[in-house]
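Subject: Structure for your review

Dear colleague,

Please find the structure below, together with its sequence. An account of what was found in the structure follows.

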Amino acid sequence: MTRTLQSKLKRQRARRQAVFLVFGCTAVVGLVLLVFSLTSPRYDDGDSGIHTQTAGEFIQATEAEERSSSAATPTLSLGVGGDVTFGLAVADLIAQGEPAYPWAEVSPLFGLYDFTVVNLEGPLCSGTISSSTRDSLDMRGDTCNAATMAEAGIDALSLANDHIMDYGAAGLEETLSALGAQGLGGFGAGTGAAAAERPLLLEAPSGATIALLSFSDVATPTSAAGEDTPGVCEASLEDLEEKVGAAARQAHYVAVFVHWGEVGSAEITRRQREIAAACVAGGADLVVGCHPHVVQGIEVISGVPVIYSLGNLVYSSESEAGKNSIFAACRFNMGRLTSLEIIPLRVEGGRPTPLYDGQAEELLRGLKAASPGVDLEISPATSTATLGL
């Protein structure tokens, strides 16, 4: 091959490479422009026929997308009852009747919800030596009561209170074992701080999950769980919001149970309100209180209901106020609590019974009066009250 021919071939290859390079760059630029035109906001330029997406329209579109996402969040129903003890006079009443005696009138109610949760006031154990200095308050119940609770439709129990450690670490361990054997979840107390603080996660048939947390603001210092010692989870304003926030990241919904307030008093304390506000700030969808053994009012904080005290559920109280109780029927949807119905109960002889007609209205009117600023609509037809959310 002559040098002239080689030179000519080189020039031809160079021209082809240049053409290919120009064509390739043009194609890349065109593709970029096409993608940009499809994804960028459209502008309205008078009669040009091109529409501008205004800031308001963009916000509306974003909110619609968020609503669509929230609507996809599965639903969950939760029934919540107050203080339950199998000690004191209740133990004698059960012994005279049968283990399922306390639940005869309310077990049909429990079956209406995905989950039903109550506060267990005192351990279920066989111990005979109490570690409590309150000798007159023996709140211990027999372990057989775990089976009757499961049969009645209870699914989980809040344990962070001032009596669950009355029979020490052994009593708590036996309680947890008895509950576990019946498929009941206990939360708020454990073999150490990590176990006591750990939320109980429950999944409904719809796929929705709820995290249950329990804190005690009234337990003795020796009842608090340590790093390696059994006990209850204390309500500390220093880290309460953080603990609730951690649970909120694990489930669709969060319900927080707090043992707080003054026994026998319908007055809500400043401390209760501070704790409630911290729970809401952490991401709680519902805050429920126990311990006063009487019904206290309801408050709504940033759209989140706070029931300061449900009163007793299974208990033998000598006071008239202690015989009044409320049961909360909660329905969660679209990422929040969307419905809360209050069902009035009367607790006689350790057995709760739903109230109707005039008795129900009287209790609900008292609850409404104790809940200023709260939209609580009483329905005579159903003998219940609905909280406006």
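In what follows, a residue is called buried when its relative accessible area is under 20%, exposed when that area is over 50%, and partly exposed in between, with a 1.4 Å probe and protein chains only. By these cut-offs E348 is partly exposed, with a relative accessible area of 40%.

The model is a predicted one, in which local features need pLDDT of at least 70 and side-chain atom pairs count only at pLDDT 80 or more, while totals for chains, interfaces and linings use all residues. Residues are numbered from 1 along each chain as its sequence is written, and side-chain values use heavy atoms, with hydrogens and water left out.

Overall composition

The chain has 10 helices and 18 strands; these are DSSP runs numbered from the N terminus, helices being H or I with at least four residues and strands E with at least two. Of its 389 residues, 46% count as buried. The accessible surface of the chain is about 19000 Å², and carbon and sulfur atoms account for 53% of that surface; the areas come from the Shrake-Rupley method with a 1.4 Å probe, and for residues only the protein chains shown count as cover. Taking contact to mean heavy atoms within 4.5 Å, 70% of the contacts between residues at least 6 apart in sequence join residues at least 24 apart.

Salt bridges

Side chains of opposite charge can pair when their charged atoms come close. A salt bridge here is a side-chain nitrogen of Lys or Arg within 4 Å of a carboxyl oxygen of Asp or Glu, and a search of the whole structure finds 10 of them.

E348 pairs with K323 at 3.8 Å, N to O. Because E348 lies in strand β15 (residues 336-348) and K323 in the loop between β13 (312-314) and β14 (324-333), this pair ties together parts that are 25 residues apart in sequence. K323 counts as buried, at 15% relative accessibility. Both residues belong to a network of salt bridges that links E320, K323, R346 and E348.

R271 forms a salt bridge with D217, and their closest N and O atoms are 2.8 Å apart. R271 is in helix α9 (residues 270-282) and D217 in the loop between β7 (209-216) and β8 (231-232), so parts 54 residues apart in sequence are tied together by the pair. R271 is partly exposed at 31% relative accessibility, and D217 is partly exposed at 25%.

In the salt bridge between E197 and K243, the closest N and O atoms are 3.3 Å apart. This pair links distant parts of the chain, with E197 in helix α7 (residues 193-197) and K243 in helix α8 (residues 240-248), 46 residues apart. E197 is partly exposed, with a relative accessible area of 33%, whereas K243 is buried, with one of 18%.

The surroundings of A235

A235 is located in the loop between β8 and α8 and is buried, at 6% relative accessibility. Apart from its neighbours within four places in sequence, A235 is in contact with F215, S216, D217, R271 and I275. Two of these contacts, D217 and R271, are the partners of a salt bridge described above. I275 is 40 residues from A235 in sequence, and their C-alpha atoms are 7.6 Å apart in space.

Cavity and pocket

Both terms refer to a 1 Å grid over the protein atoms alone: a cavity is a set of points where a 1.4 Å probe fits but cannot get out, a pocket is an open set with protein on both sides within 12 Å along at least five of seven lines, and lining residues have an atom within 4 Å of a point. Grid points are joined across faces, edges and corners, and a volume is the space filled by probe spheres set on the points.

The structure holds 1 cavity of 30 Å³ or more, and the largest cavity has about 40 Å³ of space. Its lining consists of N119, S158, A160, F257, V258, H259, V288 and C290. By class, the lining has 5 nonpolar, 3 polar and no charged residues; Ala, Val, Leu, Ile, Met, Phe, Trp, Tyr, Cys and Pro count as nonpolar, Asp, Glu, Lys and Arg as charged, and the others, Gly among them, as polar.

The second largest pocket contains about 200 Å³ of space. Its lining includes G264, V294, N324 and L363, and helix α10 (residues 357-369) contributes the largest share, 3 residues. This lining comprises 7 nonpolar, 5 polar and no charged residues.

Yours sincerely
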